[in-house]
Structure formats: C-alpha cells, structure tokens
Amino acid sequence: MKLVRFSHQGRTAIGALIEEGIVDLQQADASLPASLEALLRAGPAALDQARRAVAAAKARIPLGEAKLLAPIVAPRKFLGIGFNYSSHVDEVRAKGLPIPDLSNQIWFNKQVSCISGPTDPIHLPQQSDELDYEGEMAIVIGRRCRRVPKDQARSVIAGYMICNDVSVRDWQLKAPTATLGKSFDTHGPIGPWLTTADEVADPENLSIKTWVDDELRQNGNTRELVNRIDDMIVYLTSVFTLEPGDILSTGSPAGVGAGQKPPNYLKVGQTVKIEIEGLGQIANTVVAEPLDETTFIQ
C-alpha cells in the first residue's frame, strides 16, 4: 500500500493511494486507527484490515483535490546517518575535508519539530545562508524492536519514503553531533507517502535524483550505501529500542551544494525536487523564514 496523510475540505485524515485516488481509511472502516503511527503500532493485523477496507471501498477522493501532508507527524525518533553513500564520501574527500572513522556508523538526531510535508516550503533561516539539500531514502520502523538479528532486520520495517535532510552547514559544524544544523524548523520534508515494504522489491537498488529548479544535482542509487539496511538496524538496536513510526534517513549521494566548488547553497525562490524510483517525489520551495515566527511564545 501507499499510505498517506492528507487534508481535504477542512478535514485531516489518513488514507491509501490507489490508481483512482485516495481511499479515506476511517471512512472505509471506522474501527481503524486515525494516524499512521497508531496504525503501525496496531501491528500487521491492522495493516491487513486496512488492505481489506481499501479493496472494498467505493468512495475515492481525487488526488488533485487533496493536499498531501507529512505521512508520519509524531515519531519518537527521527535519525539520520552521515557519510553513507560512497559517492558522497568521495566528494567530501575531494574537497580536502576530514572523513570520520567509517568503521563506526555516524548517526545524528533530526529534532521531530523539523518535520514538514512533501510540498511545504523550506525556510531559509535568518541566521545563515548556508542552506543545503540532501535527497535521501527514509526507512519507517513498523515494530517495537531491540537487538534485532541481521536475518530479521527487514521484518521490522513498515516501509519507505523520501526525505530531504535539509542542512544548515555552518550550524552543522558547530558541534560534532551536527544536530542543530539538521533540525531547523521545516528542514525535514518527508513523503509523499509511506510505501509499505511489501511493495519495494529491492530497496538497495533504487535510483535517487535531486533537482534544484531544472538542474539535476544528485543522480545516485541506493546500491551505493556504505552501511546496508540490515546493518543499520542491527547497529541501532544494539543500543536502544526502535518503535513503530521511527524514521531512519539513510544518507545522500554526491551532488550536495556544499560539495561544489564554490559551494552552491539554496536561495529563496528555488525549488528542490527529490525523486526515488518507486517511492514518488517531493518538491519544496525555499522561502525566507517568516518574521512572524520569531515570537518566543506561540
């Protein structure tokens, strides 16, 4: 299934995207959970129930009449891994920048408040003009799990989606954790939907492309992953529990703005479009950070 969160005629709901449009899951079966996180927590039986509801449903919302929102809006964790595409490692090395010890996986937090939808604007922050894009495939966890054996790692994955790991490079370098530079509001566009794992035959062989306006900047493939999907899940769950709805963004191929000579950062008015084979595309336009969001109480 392609699971979506959407708004239509003043109502926000979750649904399944099929050829004819969107099936509103709660209208199809009122006993289904009202959020994708809750649907995943309810387990495989709930997903099977959703599939049956979609198959039986007659009502469709035309896709063009709905606004797609971030599929997962309240994960417990939103993590990203650095230096995880061989081509990106090469471009960083070519700039003479230090490469960390890649025998360890390099993980960082993206604060969940950065999450935004597949067509929402990206804010150019007031305190930096070093705004960069990173087209990535994101894994969404479907089962609560700890110390997962490698041969069981795929069984804990609910599905896959696209993520733009938007990065403010000068703030990223202020601390080894990189968290601040990865976590500005609006800097975690995800979507356009969650494609369930059963529909992705080989997540480690998908083309991934990023355009800035009409210029193709990134043109890679998930087979470049330095750390494979199974290894990432094994590594993380050796330390802590992963939970349904957690997002793991798996790294970015060469072609980021910081890797160009001179660096080519995003500017107001530019649109970043990311497309991953079989997972759809997201497109987000850069806008100046609105001044009305500077208030310290909202």
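Select strands E5 (78-82) and E6 (106-109): the two run antiparallel and are joined by four bridges. Strands here are DSSP runs of type E with at least two residues, helices are runs of type H or I with at least four, and both are numbered from the N terminus. Two strands count as paired if DSSP finds at least two bridges between them. The model is predicted, so local features need pLDDT of at least 70 and side-chain atom pairs count only at pLDDT 80 or more, while totals for chains, interfaces and linings use all residues. Residues are numbered from 1 along each chain as its sequence is written, and side-chain values use heavy atoms, with hydrogens and water left out.

**Stop 1: around E5**

Click on Gly80, and look across to Phe108 in E6, which stands opposite. E5 and E16 run parallel and are joined by three bridges; Leu79 has Leu248 of E16 as its bridge partner. Strands of a sheet pair through backbone hydrogen bonds, either parallel or antiparallel.

Which way do the residues of E5 point? Phe78, Gly80 and Gly82 point one way, and Leu79 and Ile81 the other. In a regular strand the side chains alternate between the two faces of the sheet. Five of the five residues of E5 are buried (under 20% relative accessible area; exposed is over 50%, partly exposed in between; 1.4 Å probe, protein chains only). E5 is therefore largely enclosed by the rest of the structure.

**Stop 2: helix H6**

Select residues 229-237, which are helix H6. Its buried residues are Ile229, Asp230, Met232, Ile233, Leu236 and Thr237. Look down the axis of H6: these residues fall within an arc of 165°, so they line one face of the helix. The arc is that of the directions from the helix axis to the C-beta atoms.

**Stop 3: the start of the chain**

Select strand E1 (residues 2-8) and strand E2 (residues 11-18), which run antiparallel and are joined by six bridges. Phe6 stands opposite Ala13 in E2. The two strands form a hairpin with two residues between them, and Gln9 in the turn has a positive phi of about 55°. Another hairpin, through two residues, joins E2 to E3. E3 (residues 21-24) runs antiparallel to E2, with four bridges, and Val23 of E3 is the bridge partner of Ala16.

**Stop 4: an open sheet**

Select E8, E18, E17, E14 and E15, in that order: they form an open sheet with mixed pairing. Strands E8 (122-124) and E15 (215-221) stand at the edges with a single partner strand each, so one side of each has no neighbour in the sheet. Within this sheet, E17 (residues 271-276) and E18 (residues 280-288) pair in the antiparallel sense over six bridges. Ile276 has Gly280 of E18 as its bridge partner.

**Stop 5: charges over rings**

Select Lys174 and Trp171: Lys174 lies over the face of Trp171, at 4.7 Å from the ring centre. Then select Lys273 and Trp211, where the charged end of Lys273 sits over the ring, 4.5 Å from its centre. A charge sits over a ring if NZ of Lys or CZ of Arg is within 6 Å of the ring centre and within 35 degrees of the ring normal.

How values were computed. Contact = heavy atoms within 4.5 Å.
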